[in-house]
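Colleague: Could you walk me through this one? I'd like to go over a few local details with you.

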Amino acid sequence: GQTNTLTLPETVYGGEVDAVTGEGQETQKLVILNGTESWNSWGINAHNPAITGFYTYDINDYDAKNAKGICSHLETPNQDVWGGRNAGIGFATVGSSRYFMFSMLTSSLPDISAGHEVDSLKAYLAAQNDAGTPVQIAYKLAEPVPFTAAGAQPIPALSGTNTLLTDADSVSVSGRADLIRIVRKMQEK
């Protein structure tokens with residue numbers, strides 16, 4: 001048997017890699033929101049008396065045709081989150097402009113006085129990060145990001161089609177000698 005170990009240059013949250021060449025493409029992205037992002041707000045309770053909506057142009061590399069994602073702290077509702085209409089996350093595409101929306105319960109913000117919306121969100125995100133429970137979002141990238149894994153090498157295969165798949169952080173490949181082929185080769189001599 002043979003074991004091949006591929007080492008990725010960083011954690012890849014979704015994609016594929018060729019075990020022979022080491023060439024791969026990341027198709028999903030994970031972002032940790034820690035309060036350092038450039039946020040804007042529609043204002044405290046602007047469109048819903050209990051929800052405050054925020055948006056950032058910092059997150060704009062998502063697939064506009066399939067703009068969906070998940071968040072560790074908020075639902076991804078089927079309802080519109082624009083302007084803070086409903087709690088949740090959303091991805092907006094207006095012409096060539098893209099921005100990420102984060103709408104949350106106003107009562108979760110540390111300071112709900114007018115004019116402090118963005119600072120309050122940044123403080124909330126920083127506090128979550130410092131507590132070891134960072135707000136994380138994941139989404140499909142508009143364009144795959146290429147990478148190269150170290151340790152790629154040929155994988156001898158048995159006759160026919162051999163497919164290796166993994167959804168884990170590693171894959172172990174082992175095989176056996178094709179005894180039928182070996183016997184036939186010996187008989188031909």
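Modeller: Happy to! Buried means under 20% relative accessible area, exposed over 50%, and partly exposed in between (1.4 Å probe, protein chains only). This is a predicted model, where local features need pLDDT of at least 70, side-chain atom pairs count only at pLDDT 80 or more, and totals for chains, interfaces and linings use all residues. Residues are numbered from 1 along each chain as its sequence is written, and side-chain values use heavy atoms, with hydrogens and water left out.

Colleague: Is Ser103 buried or exposed, and what is its relative accessible area?

Modeller: Ser103 lies in strand 7 (residues 97–105); strands here are DSSP runs of E, at least two residues, numbered from the N terminus. Ser103 counts as buried because its relative accessible area is 0%.

Colleague: Which backbone oxygen does the side chain of Ser103 reach?

Modeller: Contact means heavy atoms within 4.5 Å. Leaving aside neighbours within four places in sequence, the contacts of Ser103 include Ile51, Phe54, Leu74 and Val81. At 2.9 Å, the side chain of Ser103 reaches the backbone oxygen of Val81.

Colleague: What is the phi of Asn45 near?

Modeller: Most residues other than glycine have a negative phi. Asn45 sits in strand 3 (residues 40–48) and is partly exposed, because its relative accessible area is 28%. Its phi is positive although Asn45 is not glycine, with a value near 50°.

Colleague: Which residue is the bridge partner of Gly15 in strand 2?

Modeller: Two strands pair if DSSP finds at least two bridges between them. Strand 1 and strand 2 (residues 23–33) pair in the antiparallel sense over three bridges. In strand 2, Gly15 has as its bridge partner Glu26.

Definitions and conventions
Helices (H or I, at least four residues) and strands (E, at least two) are DSSP runs, numbered from the N terminus. A polar contact is a pair of N or O atoms within 3.5 Å; within protein, one must be able to donate a hydrogen and the other to accept it, and residues adjacent in sequence count only if both atoms are side-chain atoms.
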